[in-house]
Amino acid sequence: MTLAQARRTALAASGLHRPRPQGPATMAGLQRVVSRLGLLQIDSVNVLARAHLMPLYARLGPYDPALLTRAAHMEPRRLVEYWAHEASFIPPETYRLLEWRQRRYRTEAWGQISAAEMDHSAEIIEIRAIVRDHGPVTATQVEALLVETHPRDRSAWGWSWSTAKRALEFLFFTGEVTAAGRTNAFERLYDLTARVLPPTVLAAAPVSDADAVRALVEIGARAHGVGTARCFADYFRLKGPAPRAAIAELVDGGALLPVRVEGWDRETFVHRDAATPRTATARTLLSPFDPLIFERRRLAELFGTHYRIEIYVPAKDRVHGYYVLPFLEGDRITARVDLKADRREGTLLVQAAHRDTFATASTARLLADELGILAGWLELSEVVVADRGDLAADLAREIGAARAGR
């Protein structure tokens, strides 16, 4: 494959090779996107929109977020939460493929969670009963119920909100409880997993560790179209020798085909279902948590752009801004914009706008159009561009022209 072919293959696999569909998005359209991607990463950052909302916007356009709420929080559930690529929404069937991670919580979970069973065994027993009797409940509600149960000398007994949350997260990681929904403040509503997963999924036979890892690797490979073992394993944060063994089995079975990509110096594979369109014509903004840009080395090699999320970088050291979204124009990333939704003022703030390596003469105009669509989806009435970045002046001019022509 040439790099251009690999790039178009990756875009097609991710559903980003052609313009977004016209007309209102439907549940069927949302389901197609989820089936293609395999997961939606969840993140609490809400400076623009919740992380899991943006990949759907990139592929569907201005859809109604209530569709996602219905898919994840109402029966029949099409999505459930678990640790996939970090915290994620996944199809219920995929939840069963991650049960091996639940069984291996001592090595798969991070320190506070993996040690919770030993450090807080009594608390876990009590919280398990609270969820059973009162669920769905938030961590805050669990804490309030514990205050009623232990009104005196709680410091001696050992309860704190963090302990309650830690116990809940242990039960979440090990699969005893899951999220039945989220509050308006984005708190998880914990309930017994047996009351959340669809009956058909609950009744399905257990999946062996090897079969589960192989299936997860293939989901990652299908979502990538083309990539390396590292790309496919990282999609579900798979570690150790198991993903490599799974790839060998998928190659033997014909699901993955070895391929040589121009300029790549490591073993690469293409999924048998991958398509390589002759052109790619989509235009959209990609959130920092979009599956297309999960694996930064692949992004750099395919698109020639070096991207990192700068949320955790001190303000004085940021290069492009706090919450920066790459702008996809055809088969290239041509710009990046630091965006913030100022809901009080009703404005979409472009706090910085920078050209990327492959910016075109049309980039400012096309990006201005896209920002107008995004602002409308977020129910913001204006787009305001700050004077920061080498694209800011041209972008502000295009937005002004569009506003004058309304």
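Q: What makes residues of α18 count as buried?
A: In this predicted model, the buried residues of α18 are R298, L299, A300, L302 and F303. Buried means under 20% relative accessible area, whereas exposed means over 50% and partly exposed lies in between, with a 1.4 Å probe and protein chains only. Local features need pLDDT of at least 70, side-chain atom pairs count only at pLDDT 80 or more, and totals for chains, interfaces and linings use all residues. Residues are numbered from 1 along each chain as its sequence is written, and side-chain values use heavy atoms, with hydrogens and water left out.

Q: Which elements do the buried residues of α18 pack against?
A: They pack against α1, α15 (209-224), β6 (226-228), α16 (229-234), β10 and β11. Contact means heavy atoms within 4.5 Å. Helices (H or I, at least four residues) and strands (E, at least two) are DSSP runs, numbered from the N terminus.

Q: Why are α1 and α18 called oblique to each other?
A: Helix α1 (residues 3-13) and helix α18 (residues 296-303) pack at about 130°, with axes 9 Å apart. Axes are lines fitted to C-alpha atoms, for helices over the stretch in contact, and angles run from 0 to 180 degrees between N-to-C directions. Angles under 35 degrees count as roughly parallel, over 145 as roughly antiparallel, 65 to 115 as roughly perpendicular and the rest as oblique. The pair is therefore oblique.

Q: Which residues of α1 and α18 meet?
A: L3, A6, R7, A10 and L11 in α1 meet R298, E301, L302 and F303 in α18. By class, this contact has six nonpolar, no polar and three charged residues. Ala, Val, Leu, Ile, Met, Phe, Trp, Tyr, Cys and Pro count as nonpolar, Asp, Glu, Lys and Arg as charged, and the others, Gly among them, as polar.

Q: What makes α10 roughly perpendicular to α11?
A: Helix α10 (residues 121-134) and helix α11 (residues 139-149) pack at an angle of about 110°, with their axes 11 Å apart. That angle makes α10 roughly perpendicular to α11. In this contact, E126, I127, I130 and H134 in α10 meet V142, L145, L146 and T149 in α11. By class, the contact has five nonpolar, two polar and one charged residues.

Q: What makes β9 and β13 edge strands?
A: Five strands form an open sheet of mixed pairing in the order β9-β10-β11-β12-β13. Strands β9 (283-285) and β13 (382-385) each pair on one side only. Two strands pair if DSSP finds at least two bridges between them.

Q: How do β10 and β11 pair, and over how many bridges?
A: Strand β10 (residues 324-329) and strand β11 (residues 332-342) pair in the antiparallel sense over six bridges.
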